[in-house]
Amino acid sequence: MTEEQIKSIIENQRQFFKTNATLPVNFRIEALKKLYQEVKNSCEEICSALTKDLGKSATEGFMCEVGLVLTEISYMIKHTKNFAKDKKVSTPLSNFAAKSFVKSSPYGSVLIMSPWNYPFLLTMDPLVDAIAAGNVCILKPSAYSPETSRIIEKIISRCFKSEYVSVVTGGRAENSCLLEQKFDYIFFTGSQVVGKEVLRHAAEHLTPVTLELGGKSPCIIDSSAKASLAAKRIVWGKFLNCGQTCVAPDYILCHSSVKNEFLAAVKSEIKAQFGENPLANENYGKIINQKHFERLVNLMQKEKVIVGGKSDSASLKIEPTVMDGVTWQDPVMQEEIFGPVLPVLTFNSNEQIYGMLSEKQKPLAFYIYTQNKKLAEKLTAEFSFGGGCINDCIIHLATNNMGFGGVGESGMGAYHGKIGFDTFSHKKSIVDKKTWIDLFLRYQPYSKLKEKILHIFLK
């Protein structure tokens, strides 16, 4: 798409937003209903596109992408009317007589830039929240998942006029062009490197931004953990989407007393979930492209691989792989893995956890497997991270009742459900002052009497 075409779409959307067409709540709800029906009708086609792009099975595509989008739409259809209502708040006595309230207003023109690893979910979920809040939107899906981008474009064109919601496809040139333009809000999901560029460009226009990034999310197995259950849940979460999940457990910190039991259970679970030959498993995904495939293969140190390790460059598949005896200096610990490679490090006491993690970057997710409630409470309170689970992984993002987002190096801002609505809304604080009385205290000339009365009101 050319620069002129992109600028034309943005200008048309600005003009459409100025008509106030998106302000009525019923307009937003009808738009969401239309989107819901189109996504539901296109379910098979979406899952097929996800298979072509990432090797996802139809079950995984629905469970982890299409189904979650339908759930978010349903939630917003049900709750948008309440979310959009003015929220009355108490008024201090010093403002007598008046009423105070907060009005949710759409930002206006929104740019949503999404990644390739969950290309449907991470494009449509923020769109749902932005529509519910009353914005106009441009979607920029990743060029690395072209089949999913194609079906997204088809769905959006069927549901909405381009001056309301539009899709811009393409690669770096289109990304750069979009970031040069002025938007009222930018929502980006992707890497830290690109996230910094998005924030840098947004700063030129003082545009507010949500950044959903990533990082090395730790997974702690303490001595009290149910090792077999932990292994089952971690194998599912780590190797889901072939490890290409921003909240996947990046590495294991395992107490030495349960490590052997845990690793034996992991080995057993990989076989149970993916079969004797995972590379031949049709329900096991693939790496997105050759570049990422080669990067992951180079991270694996053969002498430390205890499970898996095989790969096939023709199909871009890498077996679920576990590495033991890993140190913080190893290549696999120097970057976010974002693939089916699970390094295991060991600790001997809970105090060591703090020494190992206290200076690390703030991760997007944090997982602790333990039966020790005090330890779980202490770790989740004292470490800074986006979100996480106790005795599970991944699933904290699959709820409309809590926000999902990062902190520090793993991002800023959050979305899903009410928090998603608020993310794409500006909150106007308004005082409605009555006219039947006008207190004299604030007006000059000031006097000792006024000062005494003010001290009574303002304390």
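The model is predicted: local features need pLDDT of at least 70 and side-chain atom pairs count only at pLDDT 80 or more, while totals for chains, interfaces and linings use all residues. Residues are numbered from 1 along each chain as its sequence is written, and side-chain values use heavy atoms, with hydrogens and water left out. The protein contains 15 helices and 20 strands (DSSP runs numbered from the N terminus, with H or I over at least four residues for helices and E over at least two for strands). Its radius of gyration is 25 Å, close to the 23 Å that the globule rule gives for 459 residues, so the protein is as compact as a globular protein of that length (the radius is taken over C-alpha atoms, and the rule is 2.2 Å times the number of residues to the power 0.38).

**Overall form**

- Taken along the principal axes, the C-alpha atoms fill a box of roughly 85 × 55 × 35 Å.
- Of the 459 residues, 52% count as buried (buried is under 20% relative accessible area, exposed over 50%, and partly exposed in between, with a 1.4 Å probe and protein chains only).
- Among contacts with a separation of 6 or more, 72% come from residues 24 or more positions apart (a contact means heavy atoms within 4.5 Å).
- The accessible surface comes to about 20,900 Å², and 54% of that surface belongs to carbon and sulfur atoms (Shrake-Rupley method with a 1.4 Å probe; for residues, only the protein chains shown count as cover).

**Charge and salt bridges**

- There are 55 positive and 47 negative side chains, and the centres of the two sets lie 8 Å apart (Lys and Arg count as positive, Asp and Glu as negative, and His and the chain ends are not counted; each charge is placed at NZ of Lys, CZ of Arg, CG of Asp or CD of Glu).
- A search of the whole structure finds 20 salt bridges (a side-chain nitrogen of Lys or Arg within 4 Å of a carboxyl oxygen of Asp or Glu).
- In helix α2, Glu30 and Lys33 are three residues apart and therefore separated by about one helical turn; their salt bridge has its closest N and O atoms 3.8 Å apart. Glu30 is partly exposed at 47% relative accessible area, and Lys33 is partly exposed at 40%.
- Arg150 and Glu147 form a salt bridge with an N to O distance of 3.5 Å. These two residues of helix α6 (residues 146–159) are three positions apart, so about one helical turn separates them. Arg150 is partly exposed at 36% relative accessibility, as is Glu147 at 26%.
- Glu382 and Lys378 meet in a salt bridge at 2.9 Å, N to O. They are four residues apart in helix α13 (residues 373–382), and hence separated by about one helical turn. Glu382 is partly exposed at 47%, and Lys378 is partly exposed at 39%.
- Salt bridges with shared partners join Glu45, Glu147, Arg150 and Lys154 into one network.

**Buried charged residues without a salt bridge**

- Arg28 belongs to helix α2 (residues 25–41). Arg28 is buried and has no salt bridge, and the nearest side chain of opposite charge, Asp86, is 9.3 Å away. Leaving out residues up to four places away in sequence, the residues touched by Arg28 include Ala84, Pro106, Ile131 and Phe421.
- Asp125 belongs to helix α5 (residues 121–132). Asp125 is also buried without a salt bridge, the nearest side chain of opposite charge being Lys56 at 12 Å. Beyond neighbours within four places in sequence, Asp125 is in contact with Leu68, Val69, Glu72, Tyr415 and His416.

**A buried strand residue**

- Thr189 lies in strand β6 (residues 185–189) and counts as buried at 6% relative accessibility.
- Thr189 and Gly411 are 222 residues apart in sequence, with their C-alpha atoms 8.9 Å apart in space.
- Not counting residues up to four places away in sequence, Thr189 touches Met113, Ser114, Pro115, Leu122 and Glu212.

**Backbone features**

- Phe96 and Ala97 are joined by a cis peptide bond with omega of about 0°; Ala97 lies in the loop between β1 (87–89) and β2 (98–106).
- Another cis peptide bond, with omega of about 5°, joins Gln444 and Pro445; Pro445 is in the loop between β20 (425–433) and α15 (448–457).
- Asn241, a residue other than glycine, has a positive phi near 55°. Asn241 sits in the loop between α9 (227–239) and β9 (251–255) and is buried at 1% relative accessibility.
- Leu316 has a positive phi of about 60° although it is not a glycine. Leu316 lies in the loop between β11 (311–312) and β12 (317–318) and is buried at 13% relative accessible area.
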